[in-house]
Amino acid sequence: MESSTNSLDDVSAEGSGEFTDQASVMETRLQAQEDEITLLKSSLADALRRIHLHEQLLPVLTQQIIAVNPAAARIINQVCCHNSIHGGHQPCNSVRTKSDYLVLPKRQIKPLKKKAMSSANLLCQSPNLEIRARELMANSGSRRGTYSQEQSIKMFIRGRPITMYIPSNIQNYEELKMEPPSERLELDWIYGYRGRDCRANLYFLPTGEAVYFTSCVIVLYHINKRTQRHYRKHTDCIRCLTLHPDKVRIASGQTAGVDKDGKPVQQCVHIWDSTTLVTLQQIGLGTFHKGIGSVAFSTMDSGVFLCVIDDSNEHMLSVWDCTKGTKQAEVKTTNEAVFAVEFHPADSTNIITCGKSHVHFWTLSSGQFTKKQGIFGKYKKPKFIQCFVFSLTGEVLTGDSEGNILTWGKSAADIKTLGKGAKETFQIMRQTKAHEGSVFTLCILQDGAVLSGGSKDRKIIRWSADLAPERECEIPEEFGAARTIADMDGEEVLVGTTRNAILRGTFSEGFVAVVQGHVDEMWGLATHPSLNVFLSCGHDRQVCVWNTEEHKLDWSITLEDYGLCADFCPNGSVVSVGLSTGRWVVLDLLTREVIADFVDGNEQLSVMRYSPDGSCLAVGSHDNFIYIYNVTENGRHYTRFGRCNGHSSFITHLDWSKDGGYIMSNSGDYEILYWDIAAGCKLLRNRFESKDREWASYTCVLGFHVMGVWLEGSDGTDINALCRSHSESVVAVADDFCKVHLFKYPCPKPKAPSHKYEGHGSHVTNVRFTHSDSHLLSMGGKDSSIFQWRVIRPTSASSTAASSSEQLKNDSSN
């Protein structure tokens with residue numbers, strides 16, 4: 001445990017993700033290759049199956065056509081003879097029977113297939129015979145599992161055809177018109193904060209709001225009123241934030257991103273008004289390489305200048321005139337990670353940067369930078385300089401990975417060592433041991449006192465102006481360590497932690513969480529059947545239950561394995577959570593205890609789904625099976641009933657029919673299968689019979705009713721999840737490109753229009769409507785954030801148009 005903590009202390013915000021990203025890319029490529037092999041195998045098996053079915057069906061179809069119209073025999077014989085002569089085969093004198101066909105040599109099967117198809121084409125020249133032929137083909141298909149093109153349509157994913165059977169209530173599929181839904185979404189709340197790998201991203205405004213970011217959104221959260229506002233002009237994950245000396249303007253920068261066509265987005269720093277949320281300036285549009293790492297306003301001249309560190313390999317430092325929007329100077333800093341940049345409060349020509357193994361003191365004169373490195377001298381050189389602040393007397397205080405606070409000052413040059421002409425240097429005047437592990441953050445209070453936050457010891461220590469320790473407290477382990485500290489009124493402070501929480505409190509009264517979130521990738525999301533409550537789970541092994549009305553975390557527990565899926569029992573008293581090891585648990589919502597624990601297979605579980613009446617539970621696994629359980633005692637007792645065996649790849653989604661007797665399921669190789677549960681989990685090979693079945697929920701991403709949500713050229717992994725509203729009027733879609741879509745339900749035609757919503761900084765892994773359809777919840781994977789969207793219905797859309805005009809600008813139709 002100690003070694004892992006030390007490694008966490010030494011990892012920089014910028015460099016920590018480098019090797020992870022490379023490993024992630026390699027894993028993605030390997031998975032893509034494995035998926036391709038699986039698809040090729042499946043496609044080959046599907047082709048062989050179809051050939052076999054056609055070979056069996058064609059002679060039977062020919063005989064039935066002749067039985068209906070004996071005159072057709074002469075035409076078929078003529079066509080057969082004609083094809084045989086021109087095809088180099090002996091002419092035939094009669095139509096072969098089924099027994100004759102089955103004993104033909106293999107080389108003769110293909111010509112005979114051509115003869116039968118040619119006969120059918122001739123018969124279709126007569127409208128009456130065409131209708132009858134279709135009926136015969138349908139009747140024959142009902143016995144043999146194949147159907148005419150008029151009863152089904154096909155969509156293709158990665159070149160694989162997927163057959164969709166048209167329901168009986170649709171008379172003319174071609175004339176269906178797809179329209180966007182009249183409902184819209186409006187961002188209501190964001191659960192989460194990015195403190196795990198970012199610094200200096202929490203400030204307190206005079207309006208009583210805490211400003212911080214997560215995903216692609218900057219949140220302004222009023223601490224006392226418990227309300228949120230959102231700045232949403234960024235297009236990718238936000239990396240840095242700084243407050244102007246006027247306490248109103250804010251500058252923010254994001255990581256490198258791409259547009260919808262995959263082209264790099266031109267980077268810039270947004271300067272915006274925190275009162276109106278209006279963007280005032282875009283500094284340096286198109287001039288920064290990669291993303292923006294750090295930003296800071298000058299102090300002495302009331303914030304005229306802005307300094308920026310980009311995320312290029314050289315970490316370019318540039319200074320900009322905010323009044324003109326022009327660049328004053330630019331210089332390469334270092335190839336190592338840079339964590340922070342600030343103007344000296346008393347001199348805007350002096351800038352300090354720090355990062356991996358360095359502190360640099362920069363002087364700007366006549367558009368040129370000169371650099372002086374901080375000299376560590378007799379003191380041990382730390383691996384990272386994590387942060388720095390300026391004392392009220394102008395001294396530079398740094399916090400490092402050795403747990404020390406270093407006081408820096410100017411020193412006359414050592415001529416004996418450096419030679420004549422040597423200039424003054426910046427050296428360590430004093431070293432103060434502060435924490436075990438790294439010093440992650442420093443904060444200067446109004447009276448000159450210093451606050452420091454440690455990593456390993458999770459302590460916050462108050463120091464006097466001359467760095468004498470005064471008071472200290474320890475952050476509870478569940479919140480992690482202090483990542484950044486923001487002064488509220490000289491006594492009360494806000495603390496952003498490494499486990500993505502924001503705490504509020506004092507040394508005397510302690511600290512309480514005002515913002516909480518997950519810390520790692522999330523996949524599991526479920527909404528309560530009758531309360532404004534939802535559950536989330538992810539790779540951080542946390543299972544969290546949230547209240548959508550009060551916008552807070554009700555409770556959470558930590559499991560031994562990470563959770564991937566969940567579902568509430570229809571009676572609302574328990575919830576089942578599927579884990580990464582094939583294990584699944586049942587939690588009591590009142591006692592918050594695990595009341596049942598089961599294991600199905602040894603691979604991860606991907607979907608949990610109760611039947612509408614709660615009498616059964618279906619568990620979908622990556623071992624290709626769906627496990628069915630009988631549920632009794634109000635969800636407290638479970639007995640294995642059966643297992644659905646037939647998928648050739650891992651289960652991805654499933655839904656129960658409204659009568660609770662059937663299941664529809666999707667798998668990793670894009671299969672759509674149907675199961676008769678009452679008949680012993682029997683696979684329904686005649687999928688045509690399920691075309692009119694009504695489903696209690698619709699979360700399967702493949703199906704006739706949601707075919708239009710797929711864009712042309714999709715590879716099958718572009719949509720991670722979807723959810724139909726309880727009113728069955730709209731369907732929400734979570735895609736792999738950080739977007740949430742809202743479609744009208746059903747949407748069975750390609751290129752169905754939708755409303756599109758941005759804000760997540762990672763692939764959206766799940767979406768769910770609340771029980772009353774008043775809100776939609778969307779879950780970002782790697783951004784560890786949950787968005788709560790308000791559903792705006794047509795009756796209220798006109799009255800809210802004025803107040804949400806800016807939000808509507810973010811909507812666009814596909």
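User: What do S44 and S45 form, and how many residues sit between them?

Analyst: They make a hairpin with 5 residues between the two strands. Keep in mind that this is a predicted model. Gly 660, in that turn, has a positive phi of about 75 degrees.

User: What makes S44 and S45 count as paired strands?

Analyst: The rule asks for at least two bridges between two strands. S44 (residues 651-656) and S45 are joined by 5 bridges and run antiparallel, so by that rule they pair. One of the contacts to look for is Trp 656, whose bridge partner in S45 is Ile 663.

User: And how do you know that S45 pairs with S46?

Analyst: It's the bridge count again: 5 bridges join S45 to S46, and the two run antiparallel. Ile 663 stands opposite Trp 675 in S46. S45 and S46 also form a hairpin, with 4 residues between them. Tyr 670 in that turn has a positive phi of about 70 degrees.

User: Why is S45 called largely enclosed?

Analyst: A residue counts as buried when its relative accessible area is under 20%. In S45 (residues 662-667), 6 of the 6 residues are buried, so the strand is largely enclosed by the rest of the structure.

User: Which residues of S45 point which way?

Analyst: Tyr 662, Met 664 and Asn 666 go one way, while Ile 663, Ser 665 and Ser 667 go the other, and all of them are buried.

User: Why is Asp 600 called buried?

Analyst: Its relative accessible area is 0%. The cut-off is under 20%, so Asp 600 is buried. Asp 600 lies in the loop between strand S39 (594-599) and strand S40 (605-610). From Asp 600 to Tyr 627 is 27 residues in sequence and 7.4 Å in space, C-alpha to C-alpha.

User: Is Cys 443 buried or exposed, and what class does Cys 738 fall in?

Analyst: Cys 443 has 8% relative accessibility, so it counts as buried. Cys 738 has 22%, so it counts as partly exposed.

User: Over to the sheet with S28. What makes S28 an edge strand?

Analyst: The sheet is open, with 4 strands in the order S28-S29-S30-S31 and antiparallel pairing. Strand S28 (482-487) and strand S31 (510-515) are its edges, as each pairs on one side only. Neighbouring strands of this sheet are turned by 30 degrees against each other on average, direction ignored. S28 is joined to strand S29 (residues 493-497) by 5 antiparallel bridges, and Asp 487 has Val 493 as its bridge partner in S29.

User: How many bridges join S19 to S23, and what stands opposite Phe 426 in S23?

Analyst: There are 2 bridges between strand S19 (residues 368-375) and strand S23 (residues 425-433), which run parallel. At least two is what pairing takes, so S19 and S23 pair. Gly 374 is opposite Phe 426, and Lys 410 stands opposite Phe 426 too. Strand S22 (residues 404-411) pairs with S23 in the antiparallel sense over 8 bridges.

Conventions. Residues numbered from 1 in each chain as written. Predicted model: local features only at pLDDT ≥ 70, side-chain atom pairs only at ≥ 80, totals over all residues. Heavy atoms only, no water. Axes fitted to C-alpha atoms, helices over the stretch in contact; angles between N-to-C directions. Buried < 20%, exposed > 50% of the residue type's maximum accessible area, 1.4 Å probe, protein only.
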